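Here's a quick briefing to read with the model open beside you.

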Amino acid sequence: MIYNGKEVEFPAVMQISFYKLIETLEEMAADTDKDAANYAKQLLQEVEKHPELRDGITDLDQLEKLMGPVRKITRVLFPDALSTNEIKAITPPFYFKPIHTSTRFDNIVKASGEEFDFTMKDVDEETFYFYCCYFILGSYYGFPTPSGGSLKLEIMNKDLGLVRTYKMLINADMSEFIPTSKAVDITRKDFEELMDNFGDIKLWKKKFPPNSWIMRGVNILNLVDVTTDQSIGTITSNLLLKSSDSFDNIRNGIRGLLNNAQLAIGVLTMEDNKLVPLDKEEITGILLNPNETLDCSTGMCDYISGQLLQKKEPLVIPDVERFHLRSNSTMSAKLVSLKLQSYLLIPMIHEEELLGFIELASDNRYDLNYGTLTVLDEVLPIIAMAQKRFIDEAQNRIEAIIQQECTTIHHSVKWRFEQEAEKFMNKQLKNEQPVFKDIIFNNLYPLYGQMDIKGSSVKRNKAVSTDLVKQINGVEKVLQYAFDQTHMPVYEQLIYRLENYKSDLKKELSAGSEHKILRFLKLDVYPVFDHLKESDPGLKKLIEEYDNMLDPNLQTVYEERKKYDTSVNQVNQRLASFLDRKQVDAQEMFPHYFERYKTDGVEYNMYIGESITKNEKFDTIYLRNLRIWQLVVMCEMENEFHKMKDELQTPIEIASLVLVYNTPLAVHFRMDEKRFDVEGAYNARYEIIKKRVDKAHIRGTNERITKPGSIAIIYSQEQDAREYREYLHFLAARGHVKEQFEDLELEDLQGVTGLKALRVEVVLGEQLSVHRLIEAIESGAAN
């Protein structure tokens with residue numbers, strides 16, 4: 001057997017035969033359709049002249065002499081109507097040199113500039129021997145055998161400058177294996193022995209001696225163009241890599257997907273309302289050089305900013321020069337200067353967050369068009385997800401640096417880090433290579449609480465709208481005075497546009513409203529103000545009054561927003577300081593890990609268990625104690641907020657939530673990120689619940705589970721509910737909460753089902769210290 005250009009041992013002898021095809025022709029010759037029967041009879045006459053076509057040919061040189069009749073009889077397998085469509089060839093069994101090929105197959109080979117030469121470069125002679133044995137076991141004996149998987153070919157298309165990928169499907173229906181006298185009959189016992197000794201070539205050659213079988217017939221080889229699937233796979237796999245050439249591979253994958261080797265591909269990000277090229281050596285931009293930026297306020301026309309920033313939809317420019325005539329913007333002018341003919345800028349959106357843009361550019365008009373987006377539909381979400389991961393990883397690295405330089409370890413777990421640091425230091429002293437190992441605390445019970453500002457987004461938007469309306473009124477006052485003095489309709493037209501903006505603001509503040517209004521003022525109104533200040537002293541005074549309305553740093557009205565931001569900061573500071581003071585007492589009861597965050601409100605995590613303490617023995621009574629402490633402190637924080645409500649410049653409501661999770665977790669301090677995280681996929685469910693539960697609704701309603709003046713206690717196990725009901729009865733007796741509380745079911749969240757809640761109203765204006773409560777518990781236990 002010839003394999004990869006040399007003679008090798010093989011279980012079977014190749015015998016090229018068209019017996020199956022001839023049998024099919026004989027059936028056609030007996031067909032009632034006279035035309036089909038006459039056609040088959042003519043071909044059979046050729047076979048009669050060359051009986052070796054049926055009996056078998058072992059010499060390839062002999063086959064070469066018979067190619068005329070071979071092409072005639074195999075034409076049945078290559079209909080003229082499909083010859084330019086199907087990529088098909090007939091080959092000898094286990095020998096991939098085509099005997100006859102379709103027109104499209106020939107065109108693909110011709111475009112490559114080379115002869116078709118399929119060799120299994122990654123398959124050695126022994127593995128090739130095994131392959132034949134597998135076929136015999138499967139096709140002749142019917143045993144379950146391993147499949148080699150689909151074979152893929154990469155063929156260069158020199159005209160396009162692209163490598164096309166084809167999946168090779170081998171149809172062996174027109175071939176068979178025939179045992180010779182040398183063949184060993186394989187029993188079930190033999191099969192099991194072979195499977196138990198899968199790589200033992202000596203045993204396999206004993207069961208399948210060289211040249212002990214005949215491979216008779218031909219194979220039909222079909223190629224399927226899978227370049228699109230391969231390109232998507234290349235893009236996807238390289239998005240997971242961090243190697244220096246991964247972006248080049250992604251770029252080539254997109255070129256293959258779009259069947260265009262000349263495309264330029266880049267990435268842009270957004271920083272401070274500016275387009276910025278990605279700051280990575282291997283990832284370049286097209287529109288902008290590494291040190292360039294483009295201000296979205298001044299460098300884009302209304303259509304571009306509306307499409308990209310407000311609608312967050314792709315900017316499609318099939319003809320750059322024609323687009324520039326309409327846009328006349330800095331951005332379109334830059335595209336013209338780069339001599340680009342067609343251009344795409346596609347927003348990368350993940351969970352409604354704009355992460356940046358993918359650029360595609362071509363030197364040919366209409367190479368890139370709206371149809372291009374359809375082809376890219378499958379990969380754009382994948383690219384956006386990868387970009388989100390890259391951004392998160394970058395942010396994590398920044399946070400790690402900050403933590404490394406600025407953050408201290410919580411005192412409850414400091415002893416564990418000191419132990420590891422001592423080991424690290426000892427290894428350094430011994431000139432060994434030290435590694436600061438990750439630290440894991442097992443069997444910890446988590447406690448989570450938050451006091452969230454209700455409707456923070458709505459309140460913030462309302463404050464923004466109010467400030468913008470006031471700013472517009474100030475502008476209108478100047479323009480109305482100018483119109484009254486001059487009766488120039490241009491001032492009236494500007495007032496008309498401002499009135500439209502005000503009308504829109506009263507309906508709803510959309511994502512781009514503020515940007516659009518401020519851009520309008522900057523480009524259309526302020527240049528007019530500059531002119532008016534020089535022309536009329538009365539107008540100059542009005543414009544100065546307007547300027548005095550504006551915040552000197554933001555250059556916009558910042559009154560209601562400032563009141564809101566100040567109120568939020570006051571609430572956060574007051575509640576966080578109160579919680580920190582209470583934590584000092586809680587740590588004295590039993591050491592536990594504690595971390596607190598300020599957002600639109602305050603949230604915190606606590607972990608308690610024996611592994612977090614150095615010497616003290618843990619008992620679940622300390623867990624119950626901390627749970628009661630948490631509820632009491634939440635009540636006291638509600639009262640703290642109640643006392644300060646009248647001091648706030650903006651009316652604000654808060655809602656409290658406690659998450660009960662009775663399964664101990666493993667908490668892992670990740671050295672690379674310098675932060676605690678729960679360990680394991682199952683434990684990660686706790687983190688998912690934490691992030692989503694405050695947005696949950698009561699089942700069958702549109703009402704959020706969190707409610708101002710009340711504490712929502714979220715749980716999933718009935719035993720937790722029984723425990724917390726006892727706590728609530730106790731707190732009600734002590735005057736912290738109302739006696740009646742609600743038992744509620746929550747709507748299912750993404751990835752989380754079966755949550756329930758107890759919700760109780762806090763008694764405001766009364767306080768009870770944690771120490772007095774603990775004393776009461778101990779007194780009750782003593783009695």
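Two strands count as paired here if DSSP finds at least two bridges between them. On that basis, 6 strands make up an open antiparallel sheet, ordered β13-β12-β11-β16-β15-β14. Keep in mind that this is a predicted model. Its protein chain has an average pLDDT of 83, with 86% of the residues at 70 or above, that is, scoring at least 70.

**Confidence**

- Within the protein chain, α15 gets the highest confidence, at 95, while helix α27 (residues 770–782) gets the lowest, with a mean of 50.
- Residues 401–407 stay under 50 in pLDDT, and the model gives them 4 contacts beyond four places in sequence.
- Residues 766–772 are also below 50, and this stretch has 18 contacts in the model beyond near neighbours in sequence.

- At the edges sit β13 (294–295) and β14 (315–317), each of which pairs on one side only.
- β14 runs antiparallel to strand β15 (residues 342–350), and 3 bridges link the pair.
- Helix α15 (residues 330–337) lies across β13, β14 and β15, and it runs at about 130° to β15.

**The sheet of 3 strands**

- This open sheet goes β3-β9-β8, and its pairing is mixed.
- β3 (12–16) and β8 (175–179) are the edge strands, with each pairing on one side only.
- Ignoring direction, neighbouring strands in this sheet are turned against each other by 25° on average.
- β8 and strand β9 (residues 213–217) run antiparallel and are joined by 5 bridges.
- Opposite P179 you'll find W213 in β9.
- Helix α7 (residues 125–140) lies across β3, β8 and β9, at about 95° to β8.

**α21 against α22**

- Helix α21 (residues 513–535) and helix α22 (residues 537–549) have axes that come within 7 Å and cross at roughly 135°.
- α21 and α22 are therefore oblique to each other, and α21 passes α22 in a left-handed crossing.
- On the α21 side, the contact uses L521, Y526, F529, L532, K533 and S535. From α22 come P537, L539, K540, I543 and Y546.
- By type, the residues of this α21–α22 contact split into 8 nonpolar, 1 polar and 2 charged.

**α19 against α22**

- Helix α19 (residues 456–486) packs with α22 at an angle of about 175°, and their axes are 10 Å apart.
- How are these two helices oriented to each other? Angles over 145 degrees count as roughly antiparallel, so that is the label α19 and α22 get.
- α19 brings K470, Q471, G474, V475, K477, V478, Y481 and A482 to the contact. Facing them in α22 are G538, L539, L542, I543, E545, Y546 and M549.
- The residues of the α19–α22 contact divide into 9 nonpolar, 3 polar and 3 charged.

Note on methods: Residues are numbered from 1 along each chain as its sequence is written. This is a predicted model: local features need pLDDT of at least 70, side-chain atom pairs count only at pLDDT 80 or more; totals for chains, interfaces and linings use all residues. Side-chain values use heavy atoms; hydrogens and water are left out. Axes are lines fitted to C-alpha atoms, for helices over the stretch in contact, and angles run from 0 to 180 degrees between N-to-C directions. Helices (H or I, at least four residues) and strands (E, at least two) are DSSP runs, numbered from the N terminus. Angles under 35 degrees count as roughly parallel, over 145 as roughly antiparallel, 65 to 115 as roughly perpendicular and the rest as oblique. A crossing is left-handed if the near helix is turned anticlockwise from the far one by less than a right angle, and right-handed if clockwise. Contact means heavy atoms within 4.5 Å. Ala, Val, Leu, Ile, Met, Phe, Trp, Tyr, Cys and Pro count as nonpolar, Asp, Glu, Lys and Arg as charged, and the others, Gly among them, as polar. pLDDT is the predictor's confidence in each residue, from 0 to 100.
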